[in-house]
Amino acid sequence: MTAPIGDSRLVLIVEDNEKNLKLARDLLQYHGFRTIEATDAETGLRMAAESLPDIILMDVELPGMDGVTALQRLREDAVTAAITVVAVTASVMPVDQERFASAGFAGIIVKPIDVKAFPGQVRGYCDSSRAPQ
Ligand code: MN
């Protein structure tokens with residue numbers, strides 16, 4: 001038996017759409033990740049500081065504070081500054097992709113998520129976050 005893909009890594013999912021949140025959570029848990037969840041950025045920031053997840057999957061389009069602003073807040077706080085944050089967005093426009101990359105997201109996962117590829121993508125970002133900067 002090989003270890004499940006997630007290998008108990010802790011993922012914070014920030015996503016305001018209930019169906020998207022459930023799909024991501026179910027897939028990740030099935031593949032051996034641990035998950036915590038927030039449906040708005042403010043709650044996500046608090047949970048990130050409290051739980052120090054291995055990775056944050058950040059929906060960009062959120063009510064109130066958006067994901068790009070939330071990323072800036074995470075970077076401004078020494079406690080959360082080093083956490084890997086991946087943008088999850090339905091936008092495939094090159095201008096948006098460039099905006100997300102320059103904002104400091106480690107990468108982008110495009111919605112709707114590819115259910116087969118998703119767990120491996122998340123694990124890949126977890127692993128790359130452990131490499132020296
Ligand atoms: Mn959203």
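**Core, central strand and manganese site**

The largest nonpolar core has 23 residues, and the ones with the most contacts inside it are Leu12, Val14, Ile56, Met58, Leu74, Val85 and Phe105. At least two residues of this core come from each of β1, β2 (34–38), α2 (41–51), β3, α3 (67–76) and β4 (84–89). Bear in mind that this is a predicted model.

**The cores**
- Take Ile56: leaving aside residues up to four places away in sequence, it touches Leu12, Val14, Ala48, Leu74, Ile83, Thr84, Val85 and Val86.

**Strand β3**
- β3 is mostly covered, with 5 of its 5 residues buried.
- β3 pairs with β1 in the parallel sense over 4 bridges, and Leu57 is the bridge partner of Ile13.
- β3 also pairs with β4, again parallel, over 5 bridges, with Met58 opposite Ala87.
- Together, β3, α3 and β4 form a right-handed β-α-β unit.

**The manganese site**
- Asp16 (OD), Asp59 (OD) and Glu61 (O) coordinate the manganese ion at 2.0 to 2.1 Å.
- The donor residues follow a D-x42-D-x1-E spacing in sequence.
- Asp16, in the loop between β1 (10–14) and α1 (18–30), and Asp59, in strand β3 (residues 55–59), are 43 residues apart, so the pair links distant parts of the chain.
- Asp16 counts as partly exposed because its relative accessibility is 36%, whereas Asp59, at 1%, counts as buried.

Conventions
Residues numbered from 1 in each chain as written. Predicted model: local features only at pLDDT ≥ 70, side-chain atom pairs only at ≥ 80, totals over all residues. Heavy atoms only, no water. Donors = N, O, S within 2.8 Å, 3.2 Å for Na, K, Ca; no water. Buried < 20%, exposed > 50% of the residue type's maximum accessible area, 1.4 Å probe, protein only. Core = buried A, V, L, I, M, F, W, Y, C linked by side-chain atoms within 4.5 Å. Contact = heavy atoms within 4.5 Å. Pairing = 2+ DSSP bridges. Right-handed = clockwise from strand over helix to strand, strands pointing away.
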